[in-house]
Amino acid sequence: MGSSERLRATLKVYRNLLKAVEKHIGKEEHRVHFTDFIREVFRKNSNLECPKDPSFIQQRINLAQNYTYLLNSVHHHKDLLFSYNIAVDRSNEMTKVLGKSAASVGLRLPDVYQS
């Protein structure tokens with residue numbers, strides 16, 4: 001694998017991981033440390049010259065792909081539990097749905113539903 005191909009593969013994995021984190025964990029102020037950590041690790045690893053172990057970069061790419069897959073799978077599993085009404089706390093999910101419904105017609109939720 002050439003260096004340009006490796007760079008393209010790394011950037012694709014990086015983008016996919018950031019998308020999964022922002023989608024499933026969120027972009028709120030108190031959750032920014034997740035994306036900050038990912039950016040820090042990718043920047044640190046991109047500054048490395050060719051490591052002594054040639055498989056080092058491939059291991060890091062695989063780790064990021066696996067973590068992306070884990071995030072997407074856990075979110076999908078949670079959605080399935082909600083759809084089958086398994087004993088999972090749905091109050092936060094219902095508040096989000098109600099908030100989106102109210103926002104779509106230009107309204108806000110009453111204070112009763114605000115967390």
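1. Of the contacts in the protein chain with a separation of 6 or more, 43% join residues 24 or more positions apart, where a contact means heavy atoms within 4.5 Å. The model is a predicted one, in which local features need pLDDT of at least 70 and side-chain atom pairs count only at pLDDT 80 or more, whereas totals for chains, interfaces and linings use all residues. Residues are numbered from 1 along each chain as its sequence is written, and side-chain values use heavy atoms, with hydrogens and water left out.

2. The protein chain has 4 helices and 0 strands, and its pattern along the sequence reads α-α-α-α; helices (H or I, at least four residues) and strands (E, at least two) are DSSP runs, numbered from the N terminus.

3. Of the 115 residues in the protein chain, 17% are buried, that is, under 20% relative accessible area, with exposed meaning over 50% and partly exposed in between (1.4 Å probe, protein chains only). The accessible surface comes to about 9400 Å², and 57% of this belongs to carbon and sulfur atoms.

4. The second largest pocket holds about 670 Å³ of space and is lined by 21 residues, among which H24, R31, K78, E93 and K96 lie nearest its centre. A pocket here is an open set of points on a 1 Å grid over the protein atoms alone, where a 1.4 Å probe fits, with protein on both sides within 12 Å along at least five of seven lines, and lining residues have an atom within 4 Å of a point. The volume is the space filled by probe spheres set on the points, which are joined across faces, edges and corners.

5. Two or more lining residues of the second largest pocket come from each of α1 (3–24), α3 (56–83) and α4 (91–104), and α3 gives the most, with 6 residues. Because domain 1 (3–84) and domain 2 (87–114) both contribute to this lining, the pocket lies between them; the domain bounds come from an automatic or database domain assignment.

6. By residue class, the lining of the second largest pocket divides into 10 charged, 6 nonpolar and 5 polar residues.

7. H24 belongs to helix α1 and touches L71, N72 and H75, when residues up to four places away in sequence are not counted. The C-alpha atoms of H24 and H75 are separated by 6.7 Å, although these residues are 51 apart along the chain.

8. L70, placed in helix α3, is partly exposed, with a relative accessible area of 45%. Between L70 and A20, which are 50 residues apart in sequence, the C-alpha to C-alpha distance is 9.6 Å.

Methods
Ala, Val, Leu, Ile, Met, Phe, Trp, Tyr, Cys and Pro count as nonpolar, Asp, Glu, Lys and Arg as charged, and the others, Gly among them, as polar. Accessible areas come from the Shrake-Rupley method with a 1.4 Å probe; for residues, only the protein chains shown count as cover.
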